[in-house]
Amino acid sequence: FMPGSRKSEVEQLGELQCQVARRLLNEYSNLRIVVPAASEDIRQLIVQIMGQQGLPSERIVVESCPLQQQSLNVMRSADVILLTSGTATLEAAMLGKPMVVVYRMAPLAYALVKRLVKVDYISLPNLLVNDALVPEYIQDQATVENVCQGIRKLLDSRSERERVSQA
């Protein structure tokens, strides 16, 4: 999973993504998770959140990947990517990788943005094709159950992975 490159994103989404990871690790015995962190500071923050969430470190690798190519290599090796909305969604789409997109921001900021920006989608792949090809869970929709359901659908269905990879 990719919780974002900014501290505020990791703080907003790190706990959610860790809870999703814990649930999926319990459901899929062969699942391994790699988390590319944009910097060493972000890596340490992710590791801290993982510790608070009690995640099994033997099945999760958190790597400091300050270079773009390192993150791309992690994406290339993934079967499914859980990521924060941003440029990484476009990179994953260009690599043909199935993904689930999440995003949360402070409630007041979200209310303001929602009034000012009128778009149907938040992820770049969906915006580019003006269709919901990539599952996205924004703000209150970004729950552990919803995100797990989206990832399960991709992990369990080759045809669904192929459909989302077309983004």
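This is a predicted model: local features need pLDDT of at least 70, side-chain atom pairs count only at pLDDT 80 or more; totals for chains, interfaces and linings use all residues.
With a relative accessible area of 11%, S85 is buried, since buried means under 20% relative accessible area. The side chain of S85 reaches the backbone oxygen of I122 at a distance of 3.2 Å. When its neighbours within four places in sequence are left aside, the contacts of S85 are with E9, V101, V102, Y103, I122 and S123.

One of these contacts of S85, E9, falls within the residue range of helix α1 (residues 7–27), and the packing of this helix can be described next. Two packed helices are described by the angle between their axes and the distance between the axes. The table gives these values for α1 with each of two partners.

| Helix pair | Angle between axes | Distance between axes |
|---|---|---|
| α1 (residues 7–27) and α7 (residues 144–156) | about 50 degrees | 9 Å |
| α1 and α2 (residues 40–53) | roughly 40 degrees | within 9 Å |

The axes of α1 and α2 cross at roughly 40 degrees, and that makes α1 oblique to α2. The crossing in which α1 passes α2 is right-handed. On the side of α1 the contact is made by K7, V10, E11, G14, E15, C18, Q19 and R22, and on the side of α2 by I42, L45, I46, I49, M50 and Q53. Sorted by class, the residues of this contact of α1 with α2 comprise seven nonpolar, three polar and four charged.

For the pair α1 and α7, the angle of about 50 degrees is likewise one for which the two helices are described as oblique to each other, and the crossing of α1 and α7 is right-handed. Here L16, Q19, V20, R23, L24 and E27 of α1 meet V144, E145, V147, C148, I151 and R152 of α7. The residues of the contact of α1 with α7 divide into seven nonpolar, one polar and four charged. Q19 of α1 is named in the contact with α2 and also in the contact with α7.

Two loop residues remain to be described for their backbone. N130, in the loop between α6 (124–129) and β5 (136–138), has a positive phi of about 50 degrees although it is not a glycine. Q139, found in the loop between β5 and α7, has a phi near 50 degrees, again a positive value in a residue other than glycine.

Terms used. Residues are numbered from 1 along each chain as its sequence is written. Side-chain values use heavy atoms; hydrogens and water are left out. Axes are lines fitted to C-alpha atoms, for helices over the stretch in contact, and angles run from 0 to 180 degrees between N-to-C directions. Helices (H or I, at least four residues) and strands (E, at least two) are DSSP runs, numbered from the N terminus. Angles under 35 degrees count as roughly parallel, over 145 as roughly antiparallel, 65 to 115 as roughly perpendicular and the rest as oblique. A crossing is left-handed if the near helix is turned anticlockwise from the far one by less than a right angle, and right-handed if clockwise. Contact means heavy atoms within 4.5 Å. Ala, Val, Leu, Ile, Met, Phe, Trp, Tyr, Cys and Pro count as nonpolar, Asp, Glu, Lys and Arg as charged, and the others, Gly among them, as polar. Buried means under 20% relative accessible area, exposed over 50%, partly exposed in between (1.4 Å probe, protein chains only). A polar contact is a pair of N or O atoms within 3.5 Å; within protein, one must be able to donate a hydrogen and the other to accept it, and residues adjacent in sequence count only if both atoms are side-chain atoms.
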